[in-house]
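Please open the model in your viewer and keep the sequence panel beside it.

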Amino acid sequence: MTELARRAAAEAAALLAEDGMRLGLGTGRTMELVLRALAGRMRGGLRFTGVATSEATAARARALGIALVAAERPCDLAIDGADEIERGSLRLIKGGGGALLREKIVAEAARRFVVVAEAGKLVDRLGEFALPVEVVPFGCAVTAARIAALGGAPVLRRCEGGPVRTDNGNLILDCPGFAPIGDPFTLERRLRAVAGVVASGLFLLPVERAIIGHGDGRVEELLP
Ligand code: 5RP
């Protein structure tokens with residue numbers, strides 16, 4: 001059901017690409033499906049360049065024959081998944097895949113930002129998904145203590161080999177303690193005031209629309 005929902009949303013999102021566009025390519029399972037749908041459209045003649053938001057997305061895009069360019073200029077359209085989407089406001093939590101910093105750089109600079117996800121990602125209030133916060137390794141225990149003092153209850157993200165390292169060489173603190181996030185702007189300001197914090201997974205930028213896939217293959221578009 002989730003796969004069908006993701007695929008339906010991904011295919012609808014790929015239809016937004018137009019000839020000559022510079023596309024911001026987000027990260028995650030849904031974006032993998034968007035990349036495949038874009039590659040299908042390329043076979044039909046569509047030409048575009050992509051800006052990858054992670055090494056994983058770059059590798060997938062290259063394997064599909066998508067031409068990549070550096071993130072040095074704004075994208076015409078950035079497409080990305082999300083871990084939570086707040087109904088109404090379309091504020092997001094992202095970073096489940098650890099690519100939040102590059103995703104945020106690309107999305108903030110893009111002329112248009114579209115989010116694509118299955119309906120299970122919609123929430124009334126952000127925060128049930130533990131908020132990812134990317135921090136520099138230097139002094140990370142001190143940074144974590146400061147985030148704990150804000151109520152975040154940070155947990156260092158680990159994989160089998162030890163702490164997860166982002167593509168930028170940083171660490172991720174997952175913060176379940178902020179739930180429910182009633183005032184995301186204040187939380188974002190407080191987190192950004194902590195020197196070791198590079199980026200939080202709160203995406204409070206304007207989202208043009210959310211393309212939401214349902215388990216029966218239906219696609220719904222939500223506007224903020
Ligand atoms: C990666 C992200 C992803 O967009 C988010 O985790 C959703 O991924 P998926 O489509 O696999 O559920 O923010 O940093």
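**First stop: Ala 153**

Select Ala 153, which counts as partly exposed because its relative accessibility is 41%. In these terms, buried means under 20% relative accessible area, exposed means over 50%, and partly exposed lies in between, with a 1.4 Å probe and protein chains only. Ala 153 is placed in the loop between α5 (140–149) and β9 (155–156). Helices (H or I, at least four residues) and strands (E, at least two) are DSSP runs, numbered from the N terminus. The phi angle of Ala 153 is near 50°, a positive value in a residue other than glycine.

Two remarks on the source apply throughout. This is a predicted model, in which local features need pLDDT of at least 70 and side-chain atom pairs count only at pLDDT 80 or more, while totals for chains, interfaces and linings use all residues. Residues are numbered from 1 along each chain as its sequence is written, and side-chain values use heavy atoms, with hydrogens and water left out.

**Second stop: Leu 90**

Is Leu 90 buried or exposed? Leu 90 is buried, because its relative accessible area is 1%.

Now select the ligand and display the residues around it. The ligand sits in the largest pocket. A pocket is found on a 1 Å grid over the protein atoms alone, as an open set of points with protein on both sides within 12 Å along at least five of seven lines; a molecule sits in a pocket if more than half of its atoms lie within 2 Å of its grid points. The elements that give two or more residues to the shell around the ligand are α2 (29–43) and α4 (100–109).

Which residues come nearest to the ligand? Of the 17 around it, they are Arg 29, Thr 30, Asp 83, Gly 95 and Lys 121. A residue is near a molecule if one of its heavy atoms lies within 4 Å of it. By class, the shell comprises 3 nonpolar, 8 polar and 6 charged residues. Ala, Val, Leu, Ile, Met, Phe, Trp, Tyr, Cys and Pro count as nonpolar, Asp, Glu, Lys and Arg as charged, and the others, Gly among them, as polar.

Then draw distances from the oxygen atoms of the ligand. A polar contact is a pair of N or O atoms within 3.5 Å.

- Gly 98: a backbone N or O atom lies 3.4 Å from a ligand oxygen.
- Ala 99: a polar backbone atom is 3.1 Å from a ligand oxygen.
- Lys 121: a side-chain N or O atom is 2.8 Å from a ligand oxygen.

The protein covers 96% of the 380 Å² of accessible area that the ligand has on its own. Accessible areas come from the Shrake-Rupley method with a 1.4 Å probe.

Select Pro 180, in the loop between β12 (171–175) and α6 (184–192). The peptide bond leading from Ala 179 to Pro 180 is cis, with omega near -15°. Ala 130 lies in the loop between β7 (122–123) and β8 (131–135) and is partly exposed, at 23% relative accessibility.

Go to Cys 175 in strand β12. Cys 175 counts as buried, at 1% relative accessibility. Ile 147 is 28 residues from Cys 175 in sequence and 8.4 Å from it in space, C-alpha to C-alpha.

**Last stop: Glu 160**

Finish at Glu 160, in the loop between β10 (158–159) and β11 (162–163). With 90% relative accessibility, Glu 160 counts as exposed. Its C-alpha atom and that of Phe 185, 25 residues apart along the chain, are separated by 34 Å.

Key: Polar contact = N/O pair within 3.5 Å; in protein donor to acceptor, adjacent residues only side chain to side chain. 1 Å grid on protein atoms, 1.4 Å probe; cavity = no way out; pocket = protein on both sides within 12 Å on 5 of 7 lines; lining within 4 Å.
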